[in-house]
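Welcome! Please take a moment with the sequence and the structure, and then follow the tour below.

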Amino acid sequence: MSFEDQNQTSKYPKKLNRTIVGYILVSAIVLVFGLGFIVGQIAGFKYDLKIIDSAKSQPGEVLNEEKIPEYLSQDVDFQQFWQTWDYIKSNYVKSDIADTQLFYGALAGLVASLGDPYSVFFNPEISQEFEQELSGSFEGIGAEIGIKHDQLTIIAPLKDTPAYRAGLKAGDKILAIDGYDTRGIATDYAVSIIRGKKGTSVTLTIMSENDEGPREVSIVRDTIEIDSVIATSKDSEGHNEGDQGFSMKDGRIAYIELRWFNENTLADWNKTIQAVLAQNPNGIILDLRNNPGGFLSTAIDIAGEWVDGKDVVLEKLRSGVTTAHHSNRQPRLVDIPTVVLVNGGSASGSEIVAGALQDYRVATIVGETTFGKGSVQDLKQFSDGSSVKLTIAEWLTPLGRSINEQGIAPDIEIELTKEDYDNDHDPQLAKALEILRSK
């Protein structure tokens, strides 16, 4: 994700009149009708699946895939929007609904109509929280969430946060938030009710992969400070090695855990790599497990430590045009044997790094298939402090492999089970050490 060109948020407008609302919504409706054609194709596909003859003994064919529901092919009168607006204002059971609430709700619905879990409208309050997260500090439980297979899902619990300590894991499904059913919930709304003031609690109804049924997990919110590169590390016997951002394993193998690609990452990373190189390591383990991504440029620069001026990732626009992104950094680690650890919580920027290093065979990827978040979001901010995060392209690895929904499959697949986790056993890390010590 590339969010470098963020503007400062401003206060809510005190009053929105119908002229302003109409101007903005008329402009927006033009866009949604253009994209609505594509959405209609998807909707039509789902609709047509239902008309296949279920009585056939053999699997049938999908008929009329390209058929668009009739209502989407007809002209519409924008006056209907105002009729709906007036009907709500005049008849809804509560009379104190603010025009601004209807306005922001309409914009959220506009973006939600795309059917893309990564395209989201943020009202000014949520937009500010989103910026705080990218800057490395916010209040909440410390878990990246998203929609996978139409279900609100934990992408990654951030280490040493309330979510992590509560035992939440990548892939856990969130069925309810404080009893509120999450079916059909928008990601931004889910984020807004999971977050909250430090010291308050939220109860999540969680369904894990191997659970027989859902369970309730109560979590006390806290201030989440994200250290992108772990600051305090331990040696193989668990002793504190100090504030250097890595640990040296037996055989002079440097272990670096990268949690996030935020605005602080490169400064922390540079200090860490200087310290690593001073130790003259025989190998490097880059741990990207449960790293949910962040800034695109940061991920590209991290990959550039191993990729000598070559393309790191390809950006494919809806027009089919492909743009290559590469790093101009000096590749300080290209000659050091490297293993990258990944799992289902490795997403976005993590997948870009892992995919590039795998394509160029400069690292061995160990662990489990990554999350599969390979779409490109642009963040556009508005003068009132609200913003839209919109999918504008998809990521491909340097060899043209699609990341979105596919993920990056490891070279060596090793599962970390719940039993391993509960007993502090890490077979993925053990395999990485085995590989590097044999070189």
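Helix H9 (residues 349-359) is mostly covered, with 11 of its 11 residues buried; buried means under 20% relative accessible area, exposed over 50% and partly exposed in between, using a 1.4 Å probe and protein chains only. Helices here are DSSP runs of H or I with at least four residues, strands are runs of E with at least two, and both are numbered from the N terminus. Please keep in mind that this is a predicted model, in which local features need pLDDT of at least 70 and side-chain atom pairs count only at pLDDT 80 or more, while totals for chains, interfaces and linings use all residues. Residues are numbered from 1 along each chain as its sequence is written, and side-chain values use heavy atoms, leaving out hydrogens and water.

**Around helix H9**

- The buried residues of H9 include Gly349, Ile352, Val353 and Leu357.
- What do the buried residues of H9 pack against? Their partners are helix H8 and the strands E14 (283-287), E15 (311-317), E17 (338-342), E18 (364-367) and E20 (387-396), where contact means heavy atoms within 4.5 Å.
- Just after H9 comes Arg361, with a positive phi of about 55°.

**Helices side by side**

- Helix H8 (residues 296-303) packs against H9 at an angle of about 25°, with the axes 9 Å apart. Axes are lines fitted to C-alpha atoms, for helices over the stretch in contact, and angles run from 0 to 180 degrees between N-to-C directions.
- H8 and H9 are therefore roughly parallel to each other. Angles under 35 degrees count as roughly parallel, over 145 as roughly antiparallel, 65 to 115 as roughly perpendicular and the rest as oblique.
- H8 passes H9 in a right-handed crossing. A crossing is right-handed if the near helix is turned clockwise from the far one by less than a right angle, and left-handed if anticlockwise.
- On the H8 side, Leu296, Ala299, Ile302 and Ala303 meet Gly349, Ile352, Val353 and Leu357 of H9.
- Helix H7 (residues 265-278) also has an axis that comes within 10 Å of that of H8, crossing at roughly 15°. That makes H7 roughly parallel to H8.
- The crossing of H7 past H8 is right-handed, and Thr265, Leu266 and Trp269 of H7 meet Thr298, Asp301 and Ile302 of H8.
- Elsewhere, helix H2 (residues 79-91) and helix H3 (residues 99-112) pack at about 140°, with axes 12 Å apart. That makes H2 oblique to H3.
- H2 passes H3 in a right-handed crossing. Here Phe81, Trp85, Ile88 and Lys89 of H2 meet Asp99, Leu102, Phe103 and Ala106 of H3.

**Aromatic rings**

- How many aromatic pairs does a search of the whole structure find? The search finds 7. Rings of Phe, Tyr and Trp (its six-membered ring) pair if their centres lie within 6.5 Å; planes under 30 degrees apart count as stacked, over 60 as edge-to-face and the rest as tilted.
- Phe81 and Trp82 make an edge-to-face pair, at 5.2 Å centre to centre and with 80° between the planes.
- Is Trp82 buried or exposed? Trp82 counts as buried because its relative accessibility is 9%, whereas Phe81 is partly exposed at 24%.
- Phe78, Phe81, Trp82 and Trp85 form one aromatic cluster.
- Lys148 lies over the face of Phe371, 4.5 Å from the ring centre. A charge sits over a ring if NZ of Lys or CZ of Arg is within 6 Å of the ring centre and within 35 degrees of the ring normal.
- Lys373 lies over the face of Tyr118, at 4.9 Å from the ring centre.

**Positive phi values**

- Most residues other than glycine have a negative phi, and most peptide bonds are trans.
- Arg361 is not a glycine, yet its phi is positive. Arg361 lies in the loop between H9 and E18 and is exposed, with a relative accessible area of 76%.
- Asp424 also has a positive phi, near 55°. Its place is in the loop between helix H10 (418-422) and helix H11 (427-437), and at 73% relative accessibility Asp424 counts as exposed.

**The whole chain**

- The protein chain has 11 helices and 21 strands.
- Of its 439 residues, 45% count as buried.
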